[in-house]
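Biologist: Thanks for sitting down with me. Could you take me through this model, and tell me what stands behind each term you use?

Modeller: Gladly; here it is.

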Amino acid sequence: MARRPAAPRPGGERLSTPDRALRHIVSEHGRRLRETAERAGRDAEALDDVLSLLTAPRFDAREAVETEYFADREQTRKRLEELDALSREEFLAMRNSFPDAQVLDSSLAGDLDMLANGVRMRMLTSQQAVRSQAPARYLNALAGAGAEVRVAPTVPLHMNILDRAIVIIGAGPGPQGEGGDVILHSTPVARCFCAVFTHAWDLARPHTESRPGRGRAGCELSAQEREVLALLATGAKDETIARRLACSDRTLRRLMNQIMEKLGTSSRFEAGVTAARLGLVN
């Protein structure tokens with residue numbers, strides 16, 4: 001007797017078969033790869049804009065620029081706390097990533113103090129950087145206190161500019177401070193980077209407050225939960241996943257239930273499709 005197609009769930013989509021779900025996941029991976037290539041192209045164009053906006057060197061006049069270098073991002077943060085306390089007029093920031101929630105909560109207190117003291121704050125961040133709960137809460141709090149926040153598909157740099165006189169910029173290619181940070185004390189140099197900031201700012205859109213919920217890109221998955229989803233996307237069996245994670249079948253079932261609860265799904269295959277669509281797994 002032929003099986004009848006499963007009826008759609010009330011208020012939801014028709015459940016996919018395993019084959020259809022996996023095809024959907026592969027399709028989503030292809031789409032994400034194409035988006036990544038497009039973002040890389042936009043980043044390259046943004047860097048070309050940076051080069052075109054920077055002032056050409058003048059060999060008939062030279063200025064000594066005081067420079068500080070920090071190999072450890074934590075040391076950079078401590079130095080920034082000192083400099084932020086001296087800011088009087090304007091704070092410009094570009095963010096292509098955010099630190100963990102504890103660091104953001106600590107930074108927020110100082111940022112709110114700056115705003116309370118009348119410092120104009122403008123923060124530009126990438127779409128990818130605001131997909132988790134902690135950055136969303138942080139940006140919502142800043143906007144609520146009077147900061148101007150905008151979001152762009154990508155941002156070319158990770159930097160701060162204080163009072164158009166001091167530039168703090170990531171020195172390496174890594175988003176988490178790999179390569180160290182450089183602090184430049186120079187008004188002419190700061191003016192150049194202000195032009196870069198303004199160029200990117202004008203192309204961005206205002207940030208609207210988001211409240212991440214179930215089944216949305218803002219939900220936070222642990223590293224172990226992401227690994228489970230990545231293994232599911234490859235078609236791995238429960239036994240293989242449990243062996244890879246060195247956990248029991250019971251622990252794996254608990255992890256799967258947690259994942260489905262966070263994503264608002266009712267099956268492991270639906271969870272895999274949803275995670276791929278939201279970009280929660282690589």
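Biologist: Which residues of the largest nonpolar core touch the most other members?

Modeller: They are Phe 91, Phe 98, Met 121, Met 123, Tyr 138, Leu 139 and Leu 142, in a core of 25 residues. The elements giving two or more residues to this core are α2 (73-86), β2 (90-95), α3 (101-116), β3 (120-126), α4 (133-144) and β6 (166-170). A word on the source: this is a predicted model, where local features need pLDDT of at least 70 and side-chain atom pairs count only at pLDDT 80 or more, while totals for chains, interfaces and linings use all residues. Residues are numbered from 1 along each chain as its sequence is written, and side-chain values use heavy atoms, with hydrogens and water left out.

Biologist: What makes a set of residues a nonpolar core?

Modeller: The members must be buried Ala, Val, Leu, Ile, Met, Phe, Trp, Tyr or Cys residues, joined through side-chain atoms within 4.5 Å. A second, separate core of 20 residues includes Val 196, Phe 197, Trp 201 and Ala 204. In soluble globular proteins, nonpolar side chains tend to be buried together.

Biologist: Why is His 207 called buried?

Modeller: Buried means under 20% relative accessible area, exposed means over 50%, and partly exposed is in between (1.4 Å probe, protein chains only). His 207 has a relative accessible area of 16%, so this residue counts as buried. His 207 sits in the loop between β8 and α6 (223-233). Across the protein, buried residues make up 39% of the 282 residues.

Biologist: What does His 207 touch, leaving out residues up to four places away in sequence?

Modeller: Its contacts (heavy atoms within 4.5 Å) are with Leu 139, Asn 140, Val 149, Arg 150 and Val 151. Seen from Leu 139, with the sequence neighbours up to four places away again not counted, the contacts are Phe 98, Met 123, Thr 125, Val 130, Val 149 and His 207.

Biologist: In what order do the strands form the sheet?

Modeller: The 8 strands form an open sheet in the order β1-β7-β6-β5-β2-β3-β4-β8, with mixed pairing. Strands here are DSSP runs of E with at least two residues, helices are runs of H or I with at least four, and both are numbered from the N terminus. The protein has 9 helices and 8 strands.

Biologist: Why are β1 and β8 said to stand at the edges?

Modeller: Two strands pair if DSSP finds at least two bridges between them. β1 (66-70) and β8 (205-206) each have a single partner strand, so one side of each is left without a neighbour in the sheet.

Biologist: How do you know that β3 and β4 pair, and which way do they run?

Modeller: 5 bridges join β3 to β4 (residues 148-152), which meets the requirement of at least two. These strands run parallel, and Leu 124 stands opposite Arg 150 in β4.

Biologist: What are the neighbours of β6 joined by?

Modeller: 4 bridges join β5 to β6 and 5 bridges join β6 to β7. Both pairings are antiparallel. Met 159 has Ile 169 in β6 as its bridge partner, and Val 167 stands opposite Leu 184 in β7. β6 is mostly covered, with 4 of its 5 residues buried.

Biologist: Where is Asp 163, and what is its phi?

Modeller: Asp 163 is in the loop between β5 and β6, and has a positive phi of about 50° although it is not a glycine. β5 and β6 form a hairpin with 3 residues between them. At 26% relative accessible area, Asp 163 falls between the two cut-offs, so it is partly exposed.

Biologist: Why is Ala 246 called exposed?

Modeller: Its relative accessibility is 70%, which is over 50%, so Ala 246 counts as exposed. Ala 246 lies in the loop between α7 (238-245) and α8 (249-263), and has a positive phi of about 55° although it is not a glycine.
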